[in-house]
Amino acid sequence: IMESSVQFGWFPCAVVAEALKTTLSEMELNVQGRGPLGNYLFRIFRDYEYQDLKAPAASKTIWDLAPFAWLIDAETCNVRTLPRPRLDAESQWQPQPDGAAAMEAIRVRRDPVFRDMFEKLAAFSDGKIEPKLG
């Protein structure tokens, strides 16, 4: 992918996507009880076995929100365009000044991303948003 000319962008986990942390109490308040979808999302968040989300100050990152946040509202992310690097024989990324351009997220704003998700989930649960299938 890095050596192709296909449009490409990435959201690094460290520093960028890891900003999208939430807590069990925030999910209980804003997701649980918001219809079958909200209950499902709450359940998979609550039952994730990586850590004890009931511990004081425990939070969990929802990594997958980052690219969707950018697609929904580009203002939630700071991005830059740069040439794609190339992986060398030692598995190290090397600059490729004349490589195809790629988008790289350098920051995601946590609060507007979760606010949008919670508001849309509530609106969907209340029948104010209809799914567009097919």
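The side chain of Thr-22 makes a polar contact with the side chain of Glu-26, at 2.3 Å. A polar contact here is a pair of N or O atoms within 3.5 Å; within protein, one must be able to donate a hydrogen and the other to accept it, and residues adjacent in sequence count only if both atoms are side-chain atoms. This is a predicted model, in which local features need pLDDT of at least 70 and side-chain atom pairs count only at pLDDT 80 or more, while totals for chains, interfaces and linings use all residues. Residues are numbered from 1 along each chain as its sequence is written, and side-chain values use heavy atoms, with hydrogens and water left out.

Thr-22 lies in strand 2, residues 21-22; helices (H or I, at least four residues) and strands (E, at least two) are DSSP runs numbered from the N terminus. Is Thr-22 buried or exposed? At 1% relative accessibility, Thr-22 is buried, where buried means under 20% relative accessible area, exposed over 50%, and partly exposed in between, with a 1.4 Å probe and protein chains only. Leaving aside neighbours within four places in sequence, its contacts (heavy atoms within 4.5 Å) include Phe-45, Lys-60 and Phe-114.

Two of these residues lead further. The charged end of Lys-60 sits over the ring of Tyr-48, 4.3 Å from its centre; the criterion is NZ of Lys or CZ of Arg within 6 Å of the ring centre and within 35 degrees of the ring normal.

As for Phe-114, its ring and that of Phe-118 have centres 5.7 Å apart and planes at 40°, so the pair is tilted. Rings of Phe, Tyr and Trp (its six-membered ring) pair if their centres lie within 6.5 Å; planes under 30 degrees apart count as stacked, over 60 as edge-to-face and the rest as tilted. Both Phe-114 and Phe-118 are buried, and they are 4 residues apart in helix 4 (residues 110-125), about one helical turn.

Thr-76 is buried, at 6% relative accessible area. Its side chain reaches the backbone oxygen of Asp-73 at 2.8 Å and that of Ala-69 at 3.3 Å.

Strands 4 and 7 run antiparallel, joined by 7 bridges.

How values were computed: Pairing = 2+ DSSP bridges.
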